[in-house]
Amino acid sequence: MDRAKTPEQGFPFQGFLCYNLFPMTREPLRILLDELDAWEKEGLTAEFWWRDDDAAEPHVALDRLFALSDRHETPCGLAVIPARAGEPLRKAVSQAHHIWVLQHGYAHKNHAPKGGGAWELGMHRPVSVIREELSQGTHKLNQLFKDRFVPVIVPPWNRIDPELLAYLPVMGFRGVSASYKKDRPEVPEGLRRADAHCDLLNWKDKAHGARFAGSDKCLAGLIGHLRDKRTGEADPSEPTCVLSHHLEMDEAAWDFLETTLSAIREHPAAAWVSPVQIWPAN
């Protein structure tokens, strides 16, 4: 079978598979491989990283994520909620080989008024209160995870008020990771941004809960960012991020994640990088 069209020609793989019935094959990934082939022809290497959100305690889904990371030897940045984390999670992380801990706000609690969206890191409380919480969270994660902890803020619901960004380097944070938007505010000196470009889940189905977003949407996010980097329309140093949520993943999302981890790892023009490589200690 001929390869699918290039990204510039569209996304022709709609309807390849029914994810509720069949495990994923590599067919839908052909268009991603085409983009990576373009990187190879230009002598470039596309860097990827994997972020997983909402970790707080051991869970069978977290065990599955750790096993997947080990099987593919792929590092994962685990966004941990400090207020809910403790010794059980520390023990679980210590037994995983490719897991790094990031700071997922403080308590993953919404402080915005009703109808204003979900915000923990918005300007709905005094900055002093927010900073104190974040500092408490950093101290706790440092104590629990030591050198596995990388001081990077992953804001709950991927939202952080731009006014708070200036405080992060002063507080010892090396970076921030939210969701990718081309009109993002600038980050201050000393803070590196590496956002998520492909959220595996669709959160808008209130009747059934989170579900796999579909290969079209996920691959469009990945390929769009890769193409923008390759053509100079996006920061070429920002790695392309796959975002998972182990507690909410259905089988279709797990299937897509596993196949994507493998395909990227095997391509000569692609590499998975760890959070400590993105945000090294000074």
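His72 is buried, at 10% relative accessibility (buried means under 20% relative accessible area, exposed over 50%, partly exposed in between, with a 1.4 Å probe and protein chains only). The model is predicted, with local features needing pLDDT of at least 70 and side-chain atom pairs counting only at pLDDT 80 or more, while totals for chains, interfaces and linings use all residues. Residues are numbered from 1 along each chain as its sequence is written, and side-chain values use heavy atoms, leaving out hydrogens and water.

Helix α2, residues 60-72, contains His72 (helices are DSSP runs of H or I of at least four residues, strands runs of E of at least two, numbered from the N terminus). Setting aside residues up to four places away in sequence, His72 touches Glu258, Leu261, Ser262 and Arg265 (contact means heavy atoms within 4.5 Å). With Glu258, the His72 side chain also forms a side-chain polar contact of 3.0 Å (a pair of N or O atoms within 3.5 Å; within protein, one must be able to donate a hydrogen and the other to accept it, and residues adjacent in sequence count only if both atoms are side-chain atoms).

Turning to the backbone, most residues other than glycine have a negative phi. Glu73, not a glycine, has a positive phi of about 50°; Glu73 sits in the loop between α2 and β2 (76-80) and is partly exposed at 49%. Trp157 likewise has a positive phi, near 60°, in the loop between β4 (149-153) and α5 (162-165).

As for cysteines, the structure holds zero disulfides (pairs of cysteine sulfur atoms within 2.5 Å). For Cys198, the nearest cysteine sulfur is that of Cys218, 3.8 Å away.
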